[in-house]
Amino acid sequence: MQLTFRWFGHRDPASLARIRQIPGVTGIVAALYDVPPGRLLPRARLHALKTEIEAAGLTFTVLESIPVHEDIKLGRAARDEQIDIYRQNIARLGEAGIGVLCYNFMPLFDWMRTDLAFTLADGSTTMAYDDRQLAHIADPWEAELPAYFPLDDSPENLKAAYRAIDEEALWANLAYFLAGVLPVAEEAGVRLALHPDDPPWSIFGLPRIITDEAALARVLALSASPAHGLTFCTGSLGADPRNDLPAMVRRFGPRIHFAHCRNLRRTGPRQFHETGHPRACGDIDLPAVMAALRDVNFTGPLRPDHGRMIWGETGIPGYGLYDRALGATYLLGLWEGLGA
Ligand code: DNO
């Protein structure tokens, strides 16, 4: 595996120079975060970002992510135009030598938490989710977490449009999208890595389909293209106790293009909070996941995922430097211990 680290550019309190000092980290996961869905990624900006990362002695390994426009997820008439833009963006990644693209197919919202600063017994803070709290969120459209609304539509229109979209319709729209983009990804040498839904169940009545082993098998069966694969996210899938993560790694091994590793503690039905990475801290058995990745000869990028806020750090929820650096070191330690 290649150990990587997510960097949010100049709004990130962690600099590339600091990230480089984390033992074993060689790759950066980044994006042009300010480019809205449905727009072309300017070639010059991709190039500048890559140059900056390389000047710091790191490689630009993964683009996470390019949001999929809602017209595509909704299967609207304008989707072909949007798919064409997505294709052009994939080609631009290929030109820039960025080999992996992480993306998701969650309607309207990306990952969702109900508490961004839940205090743990040790005084650190972490993100938490309690499904019961969703009922109290008066206007989900005001949620602080990443939601990628296209500039060219209103929340009211989108809400209304999703009333007609059930899970099967979303599956059909995902299949249509993949058929449109995979040939270009193959040609460009870009491996697509579909991120599972986080949390892996429906929220606000919106369909969510990338939730469990059966769903991953179904999505992979849509195409045998070598460009078609997964982001294996232990925290997203692991929020549902029925998901056997090591078994899923063994089953889908060669189709795992990117791995997100983190831990969480389940506190009730559809309730959890995030924790430090070690097995001692939560319910996710990362040693077993790493062993499974070793057994399938995983060579792709892997990154520590959300961490707590520790040592007084403030910043982007889930993405402080310190706890993720501890996570990176833990993951590398597991990997070395496996003789991998
Ligand atoms: C959260 C991330 C996600 C991920 C997107 C990929 O921390 O894992 O936001 O980047 O779902 O499209």
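**Entry 1: helix α7**

I began at the end of α7, where Gly189, just after the helix, takes a positive phi of about 70°. The model I am reading is a predicted one.

I then looked up the helix itself. Helix α7 covers residues 167-188, 22 residues in number. From its first C-alpha to its last it reaches 31 Å, close to the 32 Å expected at 1.5 Å a residue. I noted a kink of about 35° at Val181, shortly before the proline Pro183.

Val181 is also listed among the buried residues of α7. The others I recorded include Leu170, Trp171, Asn173, Phe177 and Ala185. I checked what these buried residues pack against: the helices α3 (70-74), α4 (79-96) and α8 (213-221), together with the strands β4 (100-104), β7 (191-195) and β8 (228-233).

**Entry 2: cavities**

I searched the whole structure and found 2 cavities of 30 Å³ or more. The largest cavity holds about 110 Å³ of space. It is lined by 17 residues, and Gly38, Arg39, Ile66, Pro67 and Asn89 are the closest to its centre. Helix α4 gives the most to this lining, with 4 residues. By class, I recorded 11 nonpolar, 5 polar and 1 charged residues in the lining of the largest cavity.

**Entry 3: second largest pocket**

Of its 14 lining residues, Gly9, His10, Ala31, Arg45 and Leu49 lie nearest the centre. Helix α2 (residues 43-55) supplies the largest share of the lining, 4 residues.

Definitions and conventions. Residues are numbered from 1 along each chain as its sequence is written. This is a predicted model: local features need pLDDT of at least 70, side-chain atom pairs count only at pLDDT 80 or more; totals for chains, interfaces and linings use all residues. Side-chain values use heavy atoms; hydrogens and water are left out. Helices (H or I, at least four residues) and strands (E, at least two) are DSSP runs, numbered from the N terminus. The expected span of a helix is 1.5 Å times one less than its number of residues. The bend at a residue is the angle between axes fitted to the seven residues ending there and the seven starting there. Buried means under 20% relative accessible area, exposed over 50%, partly exposed in between (1.4 Å probe, protein chains only). Contact means heavy atoms within 4.5 Å. On a 1 Å grid over the protein atoms alone, a cavity is a set of points where a 1.4 Å probe fits but cannot get out, and a pocket is an open set with protein on both sides within 12 Å along at least five of seven lines; lining residues have an atom within 4 Å of a point. Grid points are joined across faces, edges and corners, and a volume is the space filled by probe spheres set on the points. Ala, Val, Leu, Ile, Met, Phe, Trp, Tyr, Cys and Pro count as nonpolar, Asp, Glu, Lys and Arg as charged, and the others, Gly among them, as polar.
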